[in-house]
Each structure stands twice: as structure tokens, then as C-alpha cells.
Amino acid sequence: MFAYYTFLSLFALASAAKPWEEETREQWWFDRHNSFLQQTQSNPNGIRVVFLGDSITEGWLHVARSIWDQYYASRGAVNYGIGGDRTQHILWRIRNGELTGLNPKLVVLKIGTNNLGSATEDEIALGIQTIVQDIRRMLPQTRILLLGILPRNNVEWISDAVRRINTAISKLDDSYWIRYLDMSSSFQNSPVHVKPELYHPDLLHLAVPVIVSNQLFNRTKNFSLYSTIYFNQWKDLLSNKIYEINNYNQLEINNWLPQILLPVSSSISHFCPTS
């Protein structure tokens, strides 16, 4: 599976379209897109959160399915991640129906790593900005959690590029409709080196979750860590209640996350951002 995604990531370098321009892929990709359209059209009122992204987003469904099903799908989240996607592909997908007719409370966007090597940092940042602007235009009552590109590969030029892109897109954070989250420090030992225990051997994709103590999720790794950080930010985006989240056993998700089921006016209109 990950060898396949790595191939897709390398294949992506052959693109001719600029990061802010639409682009399509092979027939299997259209098939995936069509399956997302079916989800969108069959249950528009039941979709509360949309995850958009590449293989790391899609990876929830393959290597962290239990976490996804328990904490996300059960609360109205859909996963529209496709391995190998770049900004160009997300643009085409959202402009061709994947968000049409929806009114989710939140879109979680993580994209850009597959653009590395085929465009400049400024171009990639512009591509991400274009996606964010499109989502805001299409879904004016939906908040966006914009995730920074995760560190990868232990290669200096990649690490530098990721930092520059993340710095650029962090400026899209307006403290309310768009919130930016950079998880780099949780996945790195140094500015260049990732924490290998959190990654697949390709040092790009996240590893399968590992239980590291007798108490389930007392500490978190890889997708579990990824999920915990998500939830820590969701408390700001989807609720006016604040909780201290130290580990999975202390998640107060049953108290605050169901508020995504409430109308926008009652769930977030009175929320005052903390930063």
C-alpha cells in the first residue's frame, strides 16, 4: 500500500499544471471522485465534517480505521483523501461536485506534500491558498482547519521547503473561519529529522498506531497522536467549551463534539477565539 503511494508521489512530479490550476488523473482517480460524489449526494444533511487531502488523509481508512470509525465517521465525518493528490487535483475535485449541496461545520484540509519538487514554495503556497479561497466561497458558513505539511524524509531541502510553505499558509489564519495547525514539532526530533517511530520506513507516511503502555492510549503515537492533536484544535472550532486534553482517556468528546450537530448559529457564533 505505502509503496503504491510512494509511486504516486513520485509520479506527481510529472505534472504540467501549476499548483493553483485544476488537473485530473487516471480513470481509477475519477472512480474515487465519483464515489465521493455519491456520498455527498446521498447524505448531504448528515455530513458534518469533510476531510480533504492526499494519502495521509486517506490513510485513516487503511491503517487507522478503528480510530476513524470511532471518533470521526460516527460523528458525521467523511474522508475525501486520495493518495498522490496535489493541490491541482483537490481544486478539480471541489470544483466538480464533491462539496456541492453540503453545509458542513468544518473542512479539514491537508495538501501540498506531493507538490514538492515540481513547483516553488511560493507556487505551492498559492495553490493551497486558492483551495482555501474556493472552499470559503463555496461554503461561506463552514470553518476550515488548515493543516501544515508534515515533516518528511530527513532531507534538508525538503525540510526547508516545508517550513517556508507552512510559514506562508499560516498567514491564512483569520482566527475564526480559517484556523491553521502546524504539527511539525510533534513529529520531529530536529529541524531536519523526523521521529522514525512515528513513520512508515519511507519517512513520508504515518505508521500504524502502537499501544505503548498498559493503559489504552495513555500515550499516543503516529495516527493516534495525529488524531489527538486534531481533537485539541476541534475544541476551538466546533464548541464554546474548553477542555484540557492530555490523552485519549481524558477526551471529553462526548460533551463537546456533538455540538457539530447543532445549527451554526448556536454552535459557533458565540465562540471567541483564544488566539
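Of the 275 residues in the protein, 56% are buried, as computed from a model that is predicted. The secondary structure comprises 11 helices and 5 strands, and among the contacts with a separation of 6 or more, 75% are accounted for by residues 24 or more positions apart.

Two packed helices are described by the angle between their axes and the distance between the axes. For helix α6 (residues 87–94) and helix α7 (residues 121–138), the axes come within 9 Å and cross at roughly 15°. Because angles under 35 degrees count as roughly parallel, α6 is described as roughly parallel to α7, and the crossing of the two helices is left-handed. On the side of α6, the contact is made by Thr-87, Ile-90, Leu-91 and Ile-94, while α7 contributes Ile-124, Gly-127, Ile-128, Thr-130, Ile-131, Asp-134, Ile-135 and Met-138. By residue class, the contact of α6 with α7 is made up of 8 nonpolar, 3 polar and 1 charged residues.

Arg-86 is placed in the loop between β2 (77–81) and α6. With a relative accessible area of 3%, Arg-86 is classed as buried, since that class covers values under 20%. The side chain of Arg-86 also makes a polar contact, at 2.6 Å, with the side chain of Glu-23.

Terms used. Residues are numbered from 1 along each chain as its sequence is written. This is a predicted model: local features need pLDDT of at least 70, side-chain atom pairs count only at pLDDT 80 or more; totals for chains, interfaces and linings use all residues. Side-chain values use heavy atoms; hydrogens and water are left out. Axes are lines fitted to C-alpha atoms, for helices over the stretch in contact, and angles run from 0 to 180 degrees between N-to-C directions. Helices (H or I, at least four residues) and strands (E, at least two) are DSSP runs, numbered from the N terminus. Angles under 35 degrees count as roughly parallel, over 145 as roughly antiparallel, 65 to 115 as roughly perpendicular and the rest as oblique. A crossing is left-handed if the near helix is turned anticlockwise from the far one by less than a right angle, and right-handed if clockwise. Contact means heavy atoms within 4.5 Å. Ala, Val, Leu, Ile, Met, Phe, Trp, Tyr, Cys and Pro count as nonpolar, Asp, Glu, Lys and Arg as charged, and the others, Gly among them, as polar. Buried means under 20% relative accessible area, exposed over 50%, partly exposed in between (1.4 Å probe, protein chains only). A polar contact is a pair of N or O atoms within 3.5 Å; within protein, one must be able to donate a hydrogen and the other to accept it, and residues adjacent in sequence count only if both atoms are side-chain atoms.
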